[in-house]
Every structure is written in structure tokens, then in C-alpha cells.
Amino acid sequence: LEVAAEMASLLPRGTLMRSSPRQRCAKLALTLREARPDLQTTPTALQDGRLAEMDFGHWEGQAWDALPAPALQAWTDDFLDHPPGGGESVRRFMARVRQALDEVRQTGPSDADQLWITHAGVIRAVQWMMRDDGLPQQASDWPRSTLAYGGRELVRLD
């Protein structure tokens, strides 16, 4: 993997790595770990379910414009608590990402580098948490920034 080789050359020694258990993230994490044995992990951190993308239930794999307008409207009308596609509500998703972020803040040394191999939704949730302690009340509150496939985002926790 080209992305793994590039990341391996950029990461500081001893970086703590956590990964979503979803296949594309887990594969990248394992490839990185092989290339950089100095990367730190714990049994629960290498594949951390809290870093998985939001569960969209039966909407998974469908294009947004293919979803029925009434179903999308039901979600936007109750953005925090309606489980889109019967999956996970934004409130539940934000709670699990917050738990992972709080754990990093409480247990890790403030100067330790950490790498999360995760998804765009998790990155947006962290962006939200870094600027606001509450929850996004409506869909228009959700961060709009996007990353290209394989992109990276640096978030400073201080």
C-alpha cells in the first residue's frame, strides 16, 4: 500500500496507533505495524470499535441521492436521535467517539503522538468536539469539511 509507505515515513517514533476495525482501516493499520514495529498499540487500541464509521443500517453502501426523500427528512427532522437506516443515532455515535477522545486526553501523555486510522464521520465528530462541547442539534450544524479517500487530518488536542 502506497499510503502505508508514506505514513510510515512520516510518523514519529513510538506513535500510539488506534484503528477502526472496518476492513480498509484494519488492513492499513496492520501494514503500518509491519513496516514500523516501533508503533505502539495495546490489545484494545489496535482495533478500537469506537473509531468505526457511523452505522447507517440498511442505508450502508447506498448513494445519498438514492435514499428516499421521506427517510432523509425523518433523519434531518430529528438529527440527534433518529437512527438513519435503522442504524445508529448521531447521539450514540458522538458518545462513542467522545469516549475514545476522552480516553486519549485522560490516559495519554500530552506530548505523545497518536494516530487514528478511521473514517470521515469520526473525523468530523472530533472536529465538532474540538470546537463545541454540546451536540449538533440539526444536520446543518454538522461539519462540512471533507477528506479525499486516503486523506489525513491533524488535530491538536491542546
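**Exercise 1. Overall fold**

Task: Read along the sequence, which pattern does the protein follow?

Solution. 
- Step 1. Along the sequence, the pattern is α-β-α-α-α-β-α. The model is a predicted one.
- Step 2. Tally the elements: 5 helices and 2 strands.
- Step 3. The radius of gyration is 16 Å, close to the 15 Å that the globule rule gives for 158 residues, so the protein is as compact as a globular protein of that length.
- Step 4. Along the principal axes, the C-alpha atoms fill a box of roughly 50 × 30 × 25 Å.

**Exercise 2. Surface, burial and charge**

Task: What percentage of the 158 residues counts as buried?

Solution. 
- Step 1. Buried residues make up 39% of the 158.
- Step 2. The protein exposes about 9,400 Å². Carbon and sulfur atoms supply 51% of that area.
- Step 3. Take contacts between residues at least 6 apart in sequence. Of these, 72% join residues at least 24 apart.
- Step 4. Now the charges: there are 18 positive and 22 negative ones. Their mean positions lie 3 Å apart.

**Exercise 3. Leu 32**

Solution. 
- Step 1. The cut-off for buried is under 20%.
- Step 2. List the contacts, leaving aside neighbours within four places in sequence. Leu 32 is in contact with Ala 4, Met 7, Ala 8, Leu 11, Met 17, Leu 39, Leu 115 and Ile 117.
- Step 3. Check a distance. Leu 32 and Gly 87 are 55 residues apart in sequence, and their C-alpha atoms are 31 Å apart in space.

**Exercise 4. Arg 36**

Task: Which backbone oxygen lies 2.6 Å from a polar atom of the Arg 36 side chain?

Solution. 
- Step 1. Locate Arg 36. The loop between α2 (23-35) and α3 (69-77) holds this residue.
- Step 2. Check burial. The relative accessible area of Arg 36 is 11%, so this residue is buried.
- Step 3. Arg 36 touches Ala 8, Leu 11, Pro 12 and Arg 13.
- Step 4. Pick out the oxygen: it belongs to the backbone of Ala 8.

**Exercise 5. Gly 86 and Glu 88**

Solution. 
- Step 1. Gly 86 is in the loop between α3 and α4 (90-107). Glu 88 is also in the loop between α3 and α4.
- Step 2. Gly 86 has 61% relative accessibility, so Gly 86 counts as exposed. Glu 88 has 6%, so Glu 88 counts as buried.
- Step 3. Leave aside neighbours within four places in sequence. Gly 86 is then in contact with Gly 57 and His 58. For Glu 88, the contacts are Glu 53, Met 54, Asp 55, Pro 83, Phe 93 and Arg 96.
- Step 4. One of these partners, Arg 96, makes a side-chain to side-chain polar contact with Glu 88 at 2.8 Å.
- Step 5. Compare sequence separation with space. Gly 86 and Phe 56 are 30 residues apart, with 6.8 Å between their C-alpha atoms. Glu 88 and Gly 57 are 31 residues apart along the chain, with a C-alpha separation of 7.3 Å.

How values were computed: Residues numbered from 1 in each chain as written. Predicted model: local features only at pLDDT ≥ 70, side-chain atom pairs only at ≥ 80, totals over all residues. Heavy atoms only, no water. Helix = DSSP H or I, 4+ residues; strand = E, 2+ residues; numbered from the N terminus. Buried < 20%, exposed > 50% of the residue type's maximum accessible area, 1.4 Å probe, protein only. Polar contact = N/O pair within 3.5 Å; in protein donor to acceptor, adjacent residues only side chain to side chain. Contact = heavy atoms within 4.5 Å. Rg over C-alpha atoms; globule rule 2.2 N^0.38 Å. Areas by Shrake-Rupley, 256 points an atom, 1.4 Å probe, with all protein chains shown as cover. Lys, Arg positive; Asp, Glu negative; His and termini not counted. Charge placed at Lys NZ, Arg CZ, Asp CG, Glu CD.
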